[in-house]
Amino acid sequence: RRQRQMCIRDSSYHQGNVIVGGENRGIRSVRPELNNGVWSVNERWNQKKLALDMSSAVINGNHLYGFSHYRLGQLFCLDTETGDIVWEGPGRSGDNATFLSIPDHIIALLDNGQLQVIAAGGKEFKKVASYTVAESPTWAAPVLLENGILIKDRDSLTYWSLNKEATASQAPAR
């Protein structure tokens, strides 16, 4: 029996489906099923126009938000039921990103130190706010705390206070 090998860079589990992606391999949704003691895996969809590499995607509602290395780095949103692209952000955004999913929003930390707050659930890319939170590369996921956020860059760990009076145009306080 011939086995097909796939280097999986990222995977998510959502409503009984495993969504996986790998460098230059697209993103696919598969459903493992156990019938009469025998496991099988059925592919639900395969999206070849985007891929995941050096990025962990998150799910918010029925959408998968991630960062594709195609187009020199771009944020994207996929429909988890169909694999259809809901929107793609601008290209040339960086090498990788890490994500947090919070009610109605996605927090994306790009490797260039830009923290972006993106509206979740929309039909187009809508950046609600953007902050420069580091001067050196950021590779670790941000840590959301009750009143702030931790950002780890190459050289330091910084706590950013979330001020309730701040507006989208104001940066969080250090």
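Reply: Happy to! The largest nonpolar core has 13 residues, and those that touch the most other members are Tyr65, Phe67, Leu75, Trp87, Phe99, Ile106 and Ile118. Please keep in mind that this is a predicted model.

Where do the core residues come from? At least two residues each are supplied by E6, strand E7 (74-79), strand E9 (97-102) and strand E10 (105-110). E10 gives the most, with three residues. There is also a second, separate core of eleven residues, and Ile107, Ala129, Val133 and Ile151 are among its members. As background, nonpolar side chains tend to be buried together in soluble globular proteins.

Let's pick out two residues of the largest core, Tyr65 and Trp87. Are they buried or exposed? Both tyrosine 65 and tryptophan 87 are buried. Now look at their rings. Searching the whole structure turns up two aromatic pairs. Tyrosine 65 and tryptophan 87 form a tilted aromatic pair, with 6.0 Å centre to centre and 50° between the planes. To count as stacked, the planes would have to be under 30 degrees apart, and to count as edge-to-face, over 60. This pair links distant parts of the chain: tyrosine 65 sits in strand E6 (residues 63-68) and tryptophan 87 in strand E8 (residues 85-88), 22 residues apart. Together with Phe125, Tyr65 and Trp87 form one aromatic cluster.

E6, E7 and E8 belong to an open sheet of four strands, which has the order E5-E6-E7-E8 and antiparallel pairing. The edges are taken by strand E5 (58-60) and E8, each with a single partner strand, so one side of each is left without a neighbour in the sheet. From one strand to the next, the twist averages 25°. Inside this sheet, E6 and E7 pair in the antiparallel sense over six bridges.

E9 and E10 run antiparallel and are joined by six bridges. You can find threonine 98 standing opposite leucine 109 in E10.

Is proline 137 buried, partly exposed or exposed? Its relative accessibility is 23%, so proline 137 counts as partly exposed; the cut-off for buried is under 20%. Leaving aside neighbours within four places in sequence, proline 137 is in contact with Asp111, Asp153 and Arg154. The C-alpha atoms of proline 137 and aspartate 153 are separated by 5.5 Å, and these residues are 16 apart along the chain.

Strand E2 (residues 17-21) and strand E3 (residues 27-35) run antiparallel, joined by four bridges. Valine 20 has arginine 28 in E3 as its bridge partner. Five residues lie between the strands of this hairpin, where asparagine 24 takes a positive phi near 60°. E3 also pairs with strand E4 (residues 38-47) in the antiparallel sense, over nine bridges. In E4, glutamate 43 is the bridge partner of valine 30. The hairpin of E3 and E4 has two residues between the strands, and asparagine 36 takes a positive phi near 55°.

Finally, step back to the whole chain. The protein chain has zero helices and 15 strands. Of its 174 residues, 42% count as buried. Among contacts between residues at least 6 apart in sequence, 36% join residues at least 24 apart. The accessible surface comes to about 10100 Å², and 48% of this belongs to carbon and sulfur atoms.

Notes. Residues are numbered from 1 along each chain as its sequence is written. This is a predicted model: local features need pLDDT of at least 70, side-chain atom pairs count only at pLDDT 80 or more; totals for chains, interfaces and linings use all residues. Side-chain values use heavy atoms; hydrogens and water are left out. Rings of Phe, Tyr and Trp (its six-membered ring) pair if their centres lie within 6.5 Å; planes under 30 degrees apart count as stacked, over 60 as edge-to-face and the rest as tilted. Buried means under 20% relative accessible area, exposed over 50%, partly exposed in between (1.4 Å probe, protein chains only). Contact means heavy atoms within 4.5 Å. Accessible areas come from the Shrake-Rupley method with a 1.4 Å probe; for residues, only the protein chains shown count as cover. A nonpolar core is a set of buried Ala, Val, Leu, Ile, Met, Phe, Trp, Tyr and Cys residues joined through side-chain atoms within 4.5 Å. Two strands pair if DSSP finds at least two bridges between them. Axes are lines fitted to C-alpha atoms, for helices over the stretch in contact, and angles run from 0 to 180 degrees between N-to-C directions.
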